[in-house]
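Work through the exercises below with the sequence and the structure at hand. Each task is followed by its solution in steps.

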Amino acid sequence: MIDIETLKMYQLIEKYKPDNYTTCSPEDTIFINNYINKKLQERDFNILYDMQRVDTEKYHINQNVNLQTHYENLYKEFGLKDFPTYLDKETSYSHNIKNVYNRNRNIEDREGLNRVRLIFKKISDPQKGTANAALKSLSENYNIVFNIIEGDGFDGECRFQESQHNGIKSSVIISVTQGSLKANDDALAVLLGHELSHGIDRSRLPGNYIGTIGWEAPEDFANIMGANIAQNAGYAPIEFIKAQGTNNNKTQRAADMINQYVIDFSVPEDKSQAKSERADVTKLKILKDYKFER
């Protein structure tokens, strides 16, 4: 027998066709997100996979919150360079349930997890910088959980699991694909810093915020903040750009952001190598005005 929550989920799928998600109410958005997170936590992937024919998560900017101010405060708090001014219009996208299913199957890899935890210990040293201290603070206020998940590419994700009990911390769940472990520690450190920066971002969102922001705002912040966190701990962000590549708008944008706002080419001991790497990176198109058409 189908449970009440799953029945409601199917009703919402029928109510909000993929093309009509702009009408999704805040209450329904919260229910959908909580339902997906619950099923992921229970590892009940079959029911999620059965829903793959439609998009069920709506990511949107809630106009009740001044996100421009939110990001101004974040960049100022961490001493980052002036942030890109792209929050002049609403942005949104949908997330396919099939991707949620495929990207959340955990793999037993103790060696990989130990490597991830060791890098996390280094980048969360509060003595390395303001951004690293914020990461340490995040770990003190939330349970940080690391997973290795299926996937050949270089990728990761950050997910919040809200605690249902008083006195028990909510969790920030950081997952990296198995393919990401093929990269060197420099690239992996930036990837972890990126995903953990999403946690810092969300933990500082205004209390009256409902929903999830369109990808540009949090991704730009995570790219800059994550690279900053890693570089402060002695890792080279250039390796992240090499591992991720620049074969689409999102990865190109990440490379531009890191190159323009973060990379300190004085970090490598080999100055000639730093000069050569800078020449390679500057071949990438640096976008001066980020206003992607939808």
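**Exercise 1. Find the residues through which α9 and α11 touch, and describe how the two helices pack.**

Step 1. From α9, the residues E216, E219, D220, N223, I224 and A227 meet K250, R253, A254, M257, I258 and Y261 of α11. Contact means heavy atoms within 4.5 Å; helices (H or I, at least four residues) and strands (E, at least two) are DSSP runs, numbered from the N terminus.

Step 2. Sorted by class, this contact of α9 with α11 has 6 nonpolar, 1 polar and 5 charged residues. Ala, Val, Leu, Ile, Met, Phe, Trp, Tyr, Cys and Pro count as nonpolar, Asp, Glu, Lys and Arg as charged, and the others, Gly among them, as polar.

Step 3. Helix α9 covers residues 216-232 and helix α11 residues 249-261; their axes are 9 Å apart, at an angle of about 45°. Axes are lines fitted to C-alpha atoms, for helices over the stretch in contact, and angles run from 0 to 180 degrees between N-to-C directions.

Step 4. The helices α9 and α11 are therefore oblique to each other. Angles under 35 degrees count as roughly parallel, over 145 as roughly antiparallel, 65 to 115 as roughly perpendicular and the rest as oblique.

**A note on the model.** This is a predicted model, in which local features need pLDDT of at least 70 and side-chain atom pairs count only at pLDDT 80 or more, while totals for chains, interfaces and linings use all residues. Residues are numbered from 1 along each chain as its sequence is written, and side-chain values use heavy atoms, with hydrogens and water left out.

**Exercise 2. Describe the packing of α8 against α9.**

Step 1. Helix α8 (residues 185-203) packs on α9 at an angle of about 125°, with the axes 7 Å apart. That makes α8 oblique to α9.

Step 2. Residues of α8 in the contact include A189, G193 and H198, and those of α9 include P218, F221 and I229. The classes are 10 nonpolar, 6 polar and 2 charged.

**Exercise 3. Describe the packing of α7 against α9.**

Step 1. Helix α7 (residues 130-141) meets α9 at about 100°, and the axes lie 8 Å apart. That makes α7 roughly perpendicular to α9.

Step 2. A131, N132, A134 and L135 of α7 touch M225, N228, I229 and N232 of α9. This contact of α7 with α9 has 5 nonpolar, 3 polar and no charged residues.

**Exercise 4. State how confident the prediction is, and where confidence is lowest and highest.**

Step 1. The protein averages a pLDDT (the predictor's confidence in each residue, from 0 to 100) of 76, and 69% of the residues score at least 70.

Step 2. Confidence is lowest in helix α12 (residues 271-281), with a mean of 43, and highest in helix α6 (residues 110-123), at 97.

Step 3. Over residues 54-64 the pLDDT stays under 50, and the model has 57 contacts beyond four places in sequence for them.
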